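Welcome! Here is a short tour for anyone meeting this structure for the first time. Take a moment to look it over, then read on.

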Amino acid sequence: PPVVRSEMPKELAPGRKFVYRIEAEDPDGDALAYTLKSGPPGMSLSGNVLEWQVPDGFLGQEVAAVVEISDGRDSRTVQNITMTIQPPR
């Protein structure tokens, strides 16, 4: 199955835009497809980039998202993302 190599961002950008580029690879070299299975309202996934403009009500709150990474055949990896949104410094 695909293997995720990236790490979650440690801080939120000053504009409160969360951006996470998911870096994954398939041991067989197959092309990967990324699907956002669940996440907070307004979160989107374009290719392998997860983005979210964090609303006021989510600052200081724990949020979760699920991204499925598939090799287009029969292998897939699910990345469960849980984070607490801290306001930018």
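Predicted model: local features only at pLDDT ≥ 70, side-chain atom pairs only at ≥ 80, totals over all residues.

The protein chain has eight strands and zero helices, so far as its secondary structure goes by DSSP runs.

**The chain as a whole**

- Read from the N terminus, the elements run β-β-β-β-β-β-β-β.
- The C-alpha atoms fill a box of roughly 40 × 20 × 20 Å along the principal axes.
- Of the 89 residues in the protein chain, 33% are buried.
- Counting contacts between residues at least 6 apart in sequence, 54% join residues at least 24 apart.

- Strands of a sheet pair through backbone hydrogen bonds, either parallel or antiparallel.
- Strand β7 (residues 62-70) is joined to β8 by nine bridges in the antiparallel sense, and E62 has T84 in β8 as its bridge partner.
- K37 is placed in strand β4, and its contacts beyond four places in sequence are with V66 and E68.
- K37 also lies 7.5 Å from A65, C-alpha to C-alpha, although 28 residues separate the two in sequence.

**The two faces of β8**

- In a regular strand the side chains alternate between the two faces of the sheet.
- Which side chains of β8 (residues 76-84) point to the buried face? They are T77, Q79, I81 and M83, which are buried.

**Between β7 and β8**

- Five residues lie between the strands in the hairpin of β7 and β8, and G72 there takes a positive phi near 80 degrees.
- S75 is also found in the loop between these two strands.
- Is S75 buried or exposed? S75 has a relative accessible area of 18%, and because buried means under 20%, S75 counts as buried.
- Leaving aside neighbours within four places in sequence, S75 touches P1, P2, I69 and S70.

- Three bridges pair β5 with strand β6 (residues 49-53) in the antiparallel sense, and the bridge partner of S44 in β6 is E51.

**V3 in strand β1**

- V3 has its place in strand β1 (residues 3-4).
- With a relative accessibility of 30%, V3 is partly exposed, because that class runs between the buried limit of 20% and the exposed limit of 50%.
- What does V3 contact, leaving aside neighbours within four places in sequence? Its contacts are E23, A24 and E25.
- V3 and G72 are 69 residues apart in sequence, and their C-alpha atoms are 14 Å apart in space.

**The largest pocket**

- Rolling a probe the size of a water molecule over the atoms shows where empty space is left.
- The largest pocket has a volume of about 240 Å³.
- Its lining is made of 13 residues, and K10, E11, L12, T84 and Q86 are the ones nearest its centre.
- Sorted by class, the lining of this pocket has eight nonpolar, two polar and three charged residues.

Technical notes. Residues numbered from 1 in each chain as written. Heavy atoms only, no water. Buried < 20%, exposed > 50% of the residue type's maximum accessible area, 1.4 Å probe, protein only. Helix = DSSP H or I, 4+ residues; strand = E, 2+ residues; numbered from the N terminus. Pairing = 2+ DSSP bridges. Contact = heavy atoms within 4.5 Å. 1 Å grid on protein atoms, 1.4 Å probe; cavity = no way out; pocket = protein on both sides within 12 Å on 5 of 7 lines; lining within 4 Å. Points joined across faces, edges and corners; volume = space filled by probe spheres on them. Nonpolar A, V, L, I, M, F, W, Y, C, P; charged D, E, K, R; others polar.
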